[in-house]
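Have the viewer open and try each task before reading on.

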Amino acid sequence: MAFVVARRKKELGIRLALGAQRGLIVWSVMREVLLLLLVGLAVGVPTAIGLGRFVSAQLYGIQPHDPWIAGSTVLLLTLVSAAAGLIPAHRASRIDPILALRYE
């Protein structure tokens, strides 16, 4: 996300120069983070459910469907991705519009 924010520096600077609120800039970056999270979970959760029996056959003592582990994993991934997205989002909201327009 830091790379995406760096590439969009000029666009975000123009938005801020035209009067966009800093909270809306943060939300636009976080919306992309949440979209990536949802796509990853939409692919990963069914794959994990489908491969649960294979993993339990290969590893001793592993249950194929453990809802507590699945739920905690989804929660942990959500929290980590939100925290990782907040840093570039906050940085994007602090872009100086004049410097962003002179950037290129």
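**Exercise 1.** Find how the side chains of E11 and R8 meet, and classify each residue by accessibility.

*Solution.* Start with the contact: E11 and R8 form a salt bridge, with 3.0 Å from N to O. The term stands for a side-chain nitrogen of Lys or Arg within 4 Å of a carboxyl oxygen of Asp or Glu. This is a predicted model, where local features need pLDDT of at least 70 and side-chain atom pairs count only at pLDDT 80 or more, while totals for chains, interfaces and linings use all residues. Residues are numbered from 1 along each chain as its sequence is written, and side-chain values use heavy atoms, leaving out hydrogens and water.

Next, accessibility: buried means under 20% relative accessible area, exposed over 50%, partly exposed in between (1.4 Å probe, protein chains only). E11, at 31%, is therefore partly exposed, and R8, at 18%, is buried.

**Exercise 2.** Work out which parts the R8 and E32 pair ties together.

*Solution.* The two side chains form a salt bridge at 2.4 Å, N to O. R8 sits in the loop between α1 (2–7) and α2 (9–17), and E32 in helix α3 (residues 22–50), so the pair joins parts 24 residues apart in sequence. Helices here are DSSP runs (H or I, at least four residues), numbered from the N terminus. E32 is partly exposed at 27%.

Terms used:
Helix = DSSP H or I, 4+ residues; strand = E, 2+ residues; numbered from the N terminus.
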